[in-house]
Amino acid sequence: MLKFDVVVVGAGGAGMMAALSASKDKNLKVAVLSKIFPTRSHTGAAQGGINAAMGYRDNTDSTEKHFRDTVKGSDFLADQDAVEFFTSRMPEIISELDFYGVPFSRDENGHVAQRPFGGASSPRTCYSADKTGHVILHALYEQCLKNKVQFLNEWFLLSVVVENGEFEGLVAMDIREGKIYPIQAKSVVIASGGFGRIYWSRTTNAINMTGDGTAACFEAGIPIKDPEFIQFHPTGLAQTGVLLSEACRGEGGYLINRVGERFMARYAPEKMELGPRDLVSRSIETEIKEGRGFGEGMTSYVLMDLRHLGEKKIMERLPQVRELAMEFEGVDLIKEPVPIRPSCHYTMGGIHVSDFETCSTPIDGIHAAGECCSVSIHGANRLGGNSVADVVLFGKYAGIGAKESAKRRIFGGTTKLEQEATEWNAKFKAIRENTVGTSMFDIRNRLAETMWYNVGIFRTESDMAKALETVDELIEEYKDAYAGDPAEKYNMAFINYVEIGNILKLARAVTMGALNRKESRGSHSRGDYPTRNDEQFLKHTLIYKNGNKYRLEYAPVKITKYQPEERKY
Amino acid sequence: MEKITVKIKRFDGRESYYQKYEVPYEKGKTILWLLTMIREEQDPTLNFTSACRHAICGSCAVQINGNAFLACNTSLDEVLDTYKTMNLTFEPLKNFDVIKDLVIVWEPKMEKMEKVKPWIIPSEKGSNEHGFLQSEEEFHQIAAPTDCILCGVCASECNQLAVNQEGYLEPFILNRAYRYIVDSRDGSPQDHLQPVLENDLWKCLHCMQCVSQCPKSIPLTDQIAYLRSSTMQMGAVNNQGAKHAYAFHDDVKNKGRLNETMLPIKTDGLVQTALTKIPFALRMIKKGKINPLHMPKQISGIHEVRRLYEYAEEVKS
């Protein structure tokens, strides 16, 4: 049987940072397992930057201010001890990344450049032009090559195996060979990314952001924390969900409905298009819901019109945006308005991390970092520039935590490992041999549709109850769904099948968390409970899965310094 | 409705064959849309890789009608217009090993990339605790080369690689070496440069295919020129490539034109030329391509040419 001291699942920013710190102990055998080649990971899509109170641009900035901004941004749902740990260590992480060769943009003094960002009281977002995540991802990969980190590329996680509360290891498939392996491990770091693909076409996420690690931990008995908190961005391209920068509205773009109105006049008469993200997103969806959008169903949209800015201004200020609109929507902004619709951007919830310093979960030996988990530093709403910061910093500490776990723990049993591998083999065989049933893509699309309409930007009791019913039906239908590829080797249809199973489970947790949270907080906005209710809901949702049963509990939020107050900007 | 006929090169690990699909044309779509349509609506056994779908992850490069493109940011309409056809043939990238259908293997390329030490060798000016100071101008040196998304388009297009997989380095590898050679934070540029020189740096054919297809418009061939001149500055002037460059440089400076008969002798030396090039030269003479008796005279505008040389020197310093 394959045996490693530490396995890292996922090769994005968090996974590679974890691997680098765990492999500092040369006596440990460390492997990184990733369903895609490492530099394809979604960390690379982060554009704007990474927050750290370096104080280069504004010497009044401090880690304390970063701490306060993050807590306020989270609508007071973040754990303050974890946020303080995070913000106080970010400056040293930036220096570390600089030393790893990350090409940061620079200021006139030669320091890492910093820019202002939403929700930040000082310009503290360090960046590399508009490709910050990309350059960090590549520099970390280079460091992994240098340090001879072992990668298992195109290996797919099938389950995290826990027997009687003890972590045994993982079951994973070597996609290229089509072979399923039990892997014994003393510790693991799950760093598999978010699950924005529960909304399928209506997300800015890469197509493979299906929360595989989160779903596997959920299945193994680890609760999912705060899954109902999902961040939406108002201006995704209509066809693909690809993000168009906030700068479009910033520069004066109009939002227009089918009858030619600048409809924001109805929702934010003063600020118009410059209202906050969540308000603009809700307004667009209202227009579509009330029949004033274009197109129909999941492909509905409104228009963003930039033509009045003129060619010169568009070319000067928004050249990248124009390029994106041309490449991905086939529209030249100078000549035509571009179809847009809000898009799911980030999942604040995830695997319940119970100790932020080691990023460990309630099960000894299992650690998690990045968007797959919830520490929680983002609470009900993440600030721009805090996600890459999160993956790099907590990736590092999860790696150290997993290293210590591996030194402390011994290999566990193999019975359940073998058994689960056998079960997966049987499933693989059955799926390959199946020639009938609903298409899995159809199930995926219907899941996205119900999640989008009922557990999306607007939420009400009745809609969400409907969604829960639909999700349960889809979970049933999924069992006999048709994947369509009988091949053993490189069977991506099977991988997609498992991914769809994962988003179904997670979508159910999202819906359940959202139904039970009878208040509006951060990204979770309920028509029937429009205000925040600290008395009843200043607490974390924890959802457990045991077979087909989902159980919901709440856990207290750690408040150290900042008492909840109204969140005003 | 208008249809696009798509032929895709399939490979199941043993055999390869072409499979035909027909897809109704839609305006304003991308190549990735076309592949996804085929996979989700017609044939779930078709394999290709993609992830971010906005040209940052580098997963989805394929060949269409013989040229390499990133599928996600390539407009279907533009491709149909460029090739003036409704028939598209998809193949995996050239110069890569294929796993299945359009899916290629990257690990061997990364092993090759390790030759140039594709990581920073930090200079003593920085530390893990404080990072580095780097000027804005120094950052601009590394801005374009760090746009590389490792999509493999340049390698697929490279005509030298097509005949010299073992010896030559992929343009993206040269780019990675360049990126650290010009990074002010790197303390040991020669450690990246030496392996570049040892791996046929001078064999680039100047066909410009890599540059013209690079989805990030990275100036790969300018970089190769820079790497070559860096090796000469490092003192590597006695190799075939450098001597060939000097021969060009000197001929044009002296006479304003090349002396093609003398070029191989200046590059390879008399003995080597005699041993390897004579049958070739005889064939060339027979076909009237060269005249060994013709010694090119100085051109009339030689002073202008020399002024160009002086100007180039000035610009460089």
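**A strand and its surroundings**

Tutor: Let's start with how the chain holds together: in chain A, residues 24 or more positions apart make up 75% of the contacts that have a separation of 6 or more. Two residues are in contact here if their C-beta atoms, placed from the backbone, lie within 7 Å. Before we go on, please keep in mind that this is a predicted model, where local features need pLDDT of at least 70, side-chain atom pairs count only at pLDDT 80 or more, and totals for chains, interfaces and linings use all residues. Residues are numbered from 1 along each chain as its sequence is written, while chains are lettered from A and ligands numbered from 1 in the order in which they are written.

Chain A contains 16 helices and 19 strands; these are DSSP runs numbered from the N terminus, with at least four residues (H or I) for a helix and at least two (E) for a strand. Along its principal axes, the C-alpha trace of chain A spans about 65 × 60 × 50 Å. A compact globule of 569 residues would have a radius of gyration near 25 Å, and the 23 Å of chain A agrees with that. That radius is taken over C-alpha atoms, and the globule rule is 2.2 Å times the number of residues to the power 0.38.

Of the 569 residues in chain A, 62% are buried. Buried means that 20 or more other C-beta atoms lie within 10 Å of a residue's own; 12 or fewer makes it exposed, anything in between partly exposed, and the C-beta atoms are placed from the backbone.

What does S9(A) pair with? Strands count as paired if DSSP finds at least two bridges between them. With strand S1 (residues 2–9) of chain A, S9(A) pairs in the parallel sense over seven bridges. You can find A:Val8 opposite A:Val189 in S9(A).

Strand S8 (residues 166–174) of chain A pairs with S9(A) too, in the antiparallel sense over six bridges. Here A:Gly169 stands opposite A:Gln184. S8(A) and S9(A) form a hairpin with four residues between the strands, and in this hairpin A:Gly178 takes a positive phi near 70°.

There is also strand S16 (residues 366–368) of chain A, which runs parallel to S9(A) and is joined to S9(A) by three bridges. Look again at A:Val189: its bridge partner in S16(A) is A:His367.

Let's step back to the wider picture. The domain assignment, which is automatic or from a database, gives chain A domain 1 (235–341) and domain 2 (436–538).

Over in chain B, the domains are domain 1 (3–104), domain 2 (107–233) and domain 3 (241–316). Domain 1 of chain B puts 16 residues in contact with 15 residues of domain 2 of chain B.

Chain B has an open sheet of five strands in the order S2-S1-S5-S3-S4, with mixed pairing. The edge strands, S2 (16–24) and S4 of chain B, each pair on one side only. Within chain B, strands S1 (residues 3–11) and S5 (residues 87–91) pair in the parallel sense over four bridges, and B:Ile8 stands opposite B:Phe90 in S5(B). Finally, helix H1 (residues 31–42) of chain B lies across S1, S2, S3 and S4 of chain B, running at about 95° to S2(B). Such angles run from 0 to 180 degrees between N-to-C directions, with axes fitted as lines to C-alpha atoms, for helices over the stretch in contact.
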